Amino acid sequence: MAVLSVVLIGQLAAHGESLATVNGHAITSEEIEKALGAQLSNLQEQIYKLKRQKLEELINATLLTKEARKRDMSVPALLDAEVTSKVGLVTEQEVEKFYEQNKARLQGDEATLKRQIREQLQNEKITARKQEYFQTLRSGAKIVVSLKPPPVFRAKLSVDGAPFKGPGTAPVTIVKFEDFQCPFCKQAQATEAQLLSRYSTKIRLVHRDFPIDSIHPLARKAHEAARCANEQGKFWEYHDTLYTNAPKASVDDLKAYAKQVGLNVSAFEQCLASGKYKGPVQKDVDEGSRLGVNGTPTFFIDGRVLSGAQPLETFVGIVEDELTRSH
């Protein structure tokens, strides 16, 4: 048995600096950052959001204290004068309306629920008025924020030869790793359609394979079938048909879908039986795993990772930011 010599470096290292050596082979911080890039970026983003939230609270508190001193009154008295006293009481109509709209999911005694609803609505009114007052204070103050967001992490991944929708020269590229048997991937189709409609000339949506065999044993063959459909220029028609009929994806089903979308069925069946796309599908899976993909759908918007079937607004926020950066 060979003797394994491992030397660990115990302090933070600069980018590219050796963190460990194994029998003389150096493992660098750059390798660690590539493997953990998305996770480290998420942690940095969470830390930034916490700092930003606390900074906003301290800015408001500072403005409130200064205004109270200026008016020779306590902070509670100032809040009472500018916030509490200017908030109207919740009406019976408001309580009743909320109760009727939500009673199907509410549990408990009606009288108790309505009392809780009243308290909730009143607190919401107070919070809204407080934010209005803070904005008034901010408008008359000189505020300089020096806290900077963390740098944007961008994963490096290939799209060469992959099927895509949208113009090839679009300024923003969205790469999606998907599993044709995944219910969340199916759910995301509507959001993707909305994005393509909204940004018809500005985004390119690229497909990458990521069948998860442990929970979707039929998915891998479906991905191979979609590649066979791609040979005949009907990848997206077949892609959409797989989701429409999911989770039905037996070999007979896959052949039926080929006929349904107008493929040369004989050529399709020969392609599928040959197993010629087993390797390419696995190559996508391997790259996804290297990038930290562990569930589907996972999107990379110009390399910025976004996991899960997120709401349209989340995609729009990142796409708009990328469009701003590209100009």
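Buried, in this tour, means under 20% relative accessible area, with exposed set at over 50% and partly exposed in between (1.4 Å probe, protein chains only). The model is predicted, so local features need pLDDT of at least 70 and side-chain atom pairs count only at pLDDT 80 or more, whereas totals for chains, interfaces and linings use all residues. Residues are numbered from 1 along each chain as its sequence is written, and side-chain values use heavy atoms, with hydrogens and water left out.

Colour the chain by pLDDT, the predictor's confidence in each residue from 0 to 100: the mean is 92, and 95% of the residues reach 70 or more. Then select residues 1-13, where the pLDDT is below 50 and where the model has 18 contacts beyond near neighbours in sequence, a contact being heavy atoms within 4.5 Å. Where pLDDT is low, the predicted coordinates should not be read in detail.

Seven of the seven residues of S6 are buried, so the strand is largely enclosed by the rest of the structure. In a regular strand the side chains alternate between the two faces of the sheet. On one side of S6 are Ile203, Leu205, His207 and Asp209, and on the other Arg204, Val206 and Arg208, all of them buried.

Strand S5 (residues 172-178) runs parallel to S6 and is joined to it by seven bridges, with Ile174 opposite Leu205. Strand S4 (residues 164-165) runs antiparallel to S6, with two bridges, and here Phe164 stands opposite Val206.

Now show the salt bridges, each a side-chain nitrogen of Lys or Arg within 4 Å of a carboxyl oxygen of Asp or Glu; the whole structure holds 28.

Glu192 lies in helix H5 (residues 183-198), so the pair ties together parts 16 residues apart in sequence. Lys176 is buried at 1% relative accessibility, and Glu192 is buried at 7%.

Notes
Helix = DSSP H or I, 4+ residues; strand = E, 2+ residues; numbered from the N terminus. Pairing = 2+ DSSP bridges.
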